[in-house]
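Here is a short report on one protein model. Look at the sequence and the 3D view, then read on.

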Amino acid sequence: MDLYGSKDRFDIFPEELSGRGDRSLGDTRRDSALSSKKVQRPQEVGYDLEKEVAELAKMYGLDEDREKDLEFLGGHLEKVESRRPPARTEKAASEGSIYNTSKSSSSVKDPSQSTKQQGLPDEASQGENQSKARADDEAESNIWSTGGLSSGGMSDEWNSQAVSEEEEEEEEEEDAADVFCSTCKIPIRAFDKLFGEHKDHEVAQLPSAVESEKEEIHKNMCKLEEQIAQMENVASHLEEIFITVEENFGRQEENFEVHYNDAVQVLAQKYEEQLEALGEEKRQKLEALYEQLVNCGKHLDTCKELTDETQELFLENDKAEFMKAAVTMVDRLEEFLKKEVDLELSTLPDFEERVIDVSEVEQLMNSINAIPAPCAPMINPQAPNAATGTSLRVCWGLFSDDTVECYQLCYKPVSNERHSDEQAEHTLKVKETYCTITDLLPNTQYEFWVSALNASGISPPSERAVYVTAPSPPTIKNKKIRSCENAALVCWESRDINPVDSYTVELSKLIDEENDDIITESIVGIPNCEVLIHLQPTQKYHVRVRAQNLGGSSERSEPVLIHTTGTSFYLNEDTAHPLLAILDDGFTISCDELENPECDLPVYDNSFTRCIAILGSLIPFPGKHYWEVEVEEDTEYRTGVAFENTPRHGHLGANNSSWCMRHIITPSRHKYEFLHSGMTPDIRITIPPRRIGILLDYENCRLSFFNADLAQHLYTFNSHFQHYVHPCFALETPGILRIHTGITTPPWTQK
């Protein structure tokens, strides 16, 4: 009910109106008279305000919101009342009592007014009642305004406070994030995940996200603490280095000064010696030149004397005297001219280049930083997994704090032969105390020793250590692999001359094509070149093998695919009769020769010599095993199982170490025999089988034969197999047998 828009509000405060009506009644009458026309006009045209408001609320869907708002405001009004000051609360309480009293009075007056309106339907009575209602309304407004607390003011204050409370709660609800957006890295509301911009983002629960972030922060804090500790250690070490540098500088400065003075004295002495030697050489040169100059002067004087005497002789007129003197002069001239005259210089003007020997000075200068030759290093033994098939990592150290410029590492392969010393040695120079040597042979031992070098010389060599490279990857023998529904026997061979320590088999279950390299199981410490592996039925596996030794692990071998859908085996070629041929698929045997199989043929150690037969691989798995043999109707054959030691010079089924089914063609029919120790039961088979199923049951000691095309049981041997057996096949006439392995055991074989 709207108390401020209907006639019911006129009698809300009758007590206050009666007390104050004298003061404002005249004004109220006048105002009501002026507005009577406005009130009567909508009533005359049938205007219904409440109906129109209800239609508008329904049109815009506000009727439901209004009920919620009223409930919401009701709760907040109680909160507002509880938060008011005490004086104002008392006043509101008194006014609330007035409000309640007026409401009760109004509820009493309403029936009388409605009765009066029904009894006086004329316009005069309606106008009087409307005028009275407007007058009461004006009086009520004056009472509220005079008291200082109008109903409109209280309503506005309550509404504003209620709206502010609602906005605060809405803001709190908006800010109350309960999930964490992993894409945007911010907390969000679950509503935003369902309908907001984070709809397609990955989110997590806020508590779990908080725990994850705390854990990450904790890890980073631990790393930070480790870095702090490392930096503190480095800083402490640097401080020690600073002190050591200062001490070393003082010692080196004093040492340098002493050696420098000695070097200067030696240089001065060398200078004096060289200067004295140079002066002596000068004196010798000058003396030699002076002597040569004196001899040259004497020779010139003799020449001039002879020249003058000869000229005087030419002036002699007396011929007899001339002849006497001429003979003597000629002899003197001839004797003089016979003497050789040395016209070359006795010495050269250039001085000999003198090389000053400063070796002593160099020795003194070098002794400034004189260091002793280092001690012999200590080579470390080989660390596990420190090698590959072609490389080795060698490490060594020093006993003392010797100064080392570099190391000289020597190595050679170890040989058991007598002339092992003749193996080529290799030498490397390295700066560090470790070295990785490449281009080596797999699974080969090498001998290493190392020496340290500095300016003073080379140390004695270390003791020799033997390292070994990792092995080569093994080679899996595909034709030696046998498998069944829950196991497989894998065989391989080593490619190395030297023996290895052990082998590791790695299994990868092929669920899809992407997990080819995911290792699902590893079997380590295998001493031999074969292993029996337990597998899961109806699965596919990739099997790889590694070889292990002290140096480490080899690379993985090439993978081999194994199916566990049924029993798989291969044919042993070394047991085949010479007339029997194995086709390219490895599971088809044929015989084209029409010769007598007992003719003279080369005999092999493990081959059949009389029966044209062949054995399959040993089936070393307990349980049930099934395979099939496809035959031709006009071919005579034998098929079954046999022990490893079954006689090679006899027929299959003719001894107590083999069990087989035999097909022969007689003039009247196809005859089938089930032979063991040469005996067979009397069994007639009307429909010749084209595909023979063979079921070997170790646990129940049975060997059964079936017509696989008809799912028909043919015969069963009940025999206790003391050893594991081989599948066996034989041809008695030219023809072909096709063996099918890896077949799931048919359910009809269990009946």
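I379 has W396 in β5 as its bridge partner. The model is predicted: local features need pLDDT of at least 70, side-chain atom pairs count only at pLDDT 80 or more, and totals for chains, interfaces and linings use all residues. Residues are numbered from 1 along each chain as its sequence is written, and side-chain values use heavy atoms, with hydrogens and water left out.

Strand β5 covers residues 392-397. Two bridges join β5 to β4, and the two run antiparallel. Two strands pair if DSSP finds at least two bridges between them. Strands (E, at least two residues) and helices (H or I, at least four) are DSSP runs, numbered from the N terminus.

The open sheet has three strands, in the order β4-β5-β8, with antiparallel pairing. β4 (378-379) and β8 (434-437) stand at the edges with a single partner strand each, so one side of each has no neighbour in the sheet.

## A helical span

UniProt, in an unreviewed entry, lists residues 261-292 as "coiled-coil region". UniProt positions follow the numbering used here, feature names are shortened, and annotations may be inferred rather than shown by experiment. In the model, residues 261-292 are 100% helix and 0% strand. The end C-alpha atoms of this span lie 47 Å apart.

## Cysteines without a bond

How many disulfides does a search of the whole structure find? The search finds zero. A disulfide is a pair of cysteine sulfur atoms within 2.5 Å.

Take C611. Its closest cysteine sulfur is in C660, 8.1 Å away, too far for a bond. For C660, the closest is in C728, at 6.1 Å, also too far for a bond. C611 is buried, with a relative accessible area of 2%. C660 is buried too, at 0%. Buried means under 20% relative accessible area, exposed over 50%, and partly exposed in between (1.4 Å probe, protein chains only).
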